[in-house]
Amino acid sequence: MTVTLPTPDSPLKIGTRGSPLALAQAYETRTRLAQAFDLSEECFEIVVIKVTGDAIQDRPLKEIGGKGLFTREIEEDLLSGKIHIAVHSMKDMPTLQPDGLILDTYLPREDVRDAFVAHGLKDIASLAKGAVVGTSSLRRRAQLLHRRPDLQVVEFRGNVQTRLKKLADGVAECTFLAAAGLNRLGMSDVPATPVDPGDMLPAVAQGAIGIERRISDDNTAAMLAKIHDTSTGQRLAAERSFLLTLDGSCETPIAGLAELSGDVLSLRGEVLRPDGSQAISGSRRGPVSEGAGMGKDLAEELLAEAGDGFFDWH
């Protein structure tokens, strides 16, 4: 098909949250599209959309509605035509999209690891008994308490800058951030030490940027195809299938990571009780073409091993 390209007078509108990291991801999307079609950045307009999840900072996500709080208003503007595409951190995305929308474009994945952030300390083992750790992630909380039940975990909501300020103010001795976010923000001065995924399996889709569009918008689909990273899409197909089968909400501590070696995909997954008292993990390895099936199969195995009482916190 012949693609109608945006112009400065009729720009392609890119919807995003307003945090520094969200804006960095939108700018990366704009740059990749501009380069792919040899266009100026004036052919693209960044549209900042306020979302409910950013307005509420004092409560855990599970108490206020889960992942959809970071996407609802953006998706409403996408469906109404106010924007052409929406740029998301994939670890914040629900596994199912609203009718009429599709997520099928991914940028090259950044570092998948969590980063341990503290002044003068390098890892979890160096924390004193009873140390206070700040995190808003149910997954990280459960993983920490599984390894170190002596730790005190306090709520650390907010963007990267907000959480770093809380750390500087002494609210906690350490926190955890996604290494990808620090890299995208160019924050090399932050005292961060990446955590090996073998020690702390990351969130499903951590480090990946997804671009959502209207299913009916063929012109935008053709443009996005030029910047889609196939290997990231293959890895996320397995991870998000795993998450979907586990019914991954913000009430369930779930971790998962798919890695590629040629045409072979390796998937690791973990589900925990929120208090860290129990963790169940497993893995799969097979052809990349069977990634989604492996994700579903691994999730079903963990569900069977967990039994009826494992998810009784719901």
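The following dialogue discusses how to read selected features of a predicted model.

Student: What kind of model is this, and how are its residues numbered?

Tutor: The model is predicted, and local features need pLDDT of at least 70, side-chain atom pairs count only at pLDDT 80 or more, while totals for chains, interfaces and linings use all residues. Residues are numbered from 1 along each chain as its sequence is written, and side-chain values use heavy atoms, with hydrogens and water left out.

Student: How many aromatic pairs does a search of the whole structure find?

Tutor: Rings of Phe, Tyr and Trp (its six-membered ring) pair if their centres lie within 6.5 Å; planes under 30 degrees apart count as stacked, over 60 as edge-to-face and the rest as tilted. The search of the whole structure gives 1 aromatic pair. Its members are Phe-116 and Phe-176, in an edge-to-face arrangement with 5.5 Å centre to centre and 75° between the planes.

Student: Which parts does the pair tie together?

Tutor: Helices (H or I, at least four residues) and strands (E, at least two) are DSSP runs, numbered from the N terminus. Phe-116 belongs to strand β5 (residues 114-117) and Phe-176 to strand β8 (residues 174-178), so the pair ties together parts that are 60 residues apart in sequence.

Student: Are Phe-116 and Phe-176 buried or exposed?

Tutor: Buried means under 20% relative accessible area, exposed over 50%, and partly exposed in between (1.4 Å probe, protein chains only). Both Phe-116 and Phe-176 are buried.

Student: With what is Ile-124 in contact, leaving aside its neighbours within four places in sequence?

Tutor: Contact means heavy atoms within 4.5 Å. Ile-124, in the loop between β5 and β6 (132-134), is buried with a relative accessible area of 5%. Leaving aside neighbours within four places in sequence, its contacts include Phe-116, Phe-176 and Met-200.

Student: Which ring does the charged end of Lys-166 sit over?

Tutor: A charge sits over a ring if NZ of Lys or CZ of Arg is within 6 Å of the ring centre and within 35 degrees of the ring normal. The charged end of Lys-166 sits over the ring of Phe-156, 5.6 Å from the ring centre.

Student: Which residues of helix α6 are buried?

Tutor: In helix α6 (residues 160-168), Val-160, Arg-163, Leu-164 and Leu-167 are buried. Their arc around the axis is only 100°, which puts them on the same side of α6. Their cover includes β5, α5 (138-147), β8 and α7 (179-184).

Student: What is the phi of Asp-38, and what is that of Ala-205?

Tutor: Most residues other than glycine have a negative phi, and most peptide bonds are trans. Asp-38 has a positive phi of about 55° although it is not a glycine. Asp-38 is placed in the loop between α1 (20-36) and β2 (44-48) and is exposed, with a relative accessible area of 72%. Ala-205 has a positive phi near 70°; Ala-205 is found in the loop between β9 (192-194) and β10 (209-214) and counts as buried at 1% relative accessibility.

Student: Where is Glu-239 placed, and with what is Glu-239 in contact?

Tutor: Glu-239 is in helix α9 and counts as buried at 0% relative accessibility. Leaving aside neighbours within four places in sequence, Glu-239 has contacts that include Arg-109, Ala-205 and Leu-267.

Student: How many disulfides does the structure hold?

Tutor: A disulfide is a covalent bond between the sulfur atoms of two cysteines. With a disulfide taken as a pair of cysteine sulfur atoms within 2.5 Å, the structure holds 0. Cys-43 counts as buried at 5% relative accessibility, and Cys-174 counts as buried at 0%.

Technical notes:
Arc of directions from axis to C-beta.
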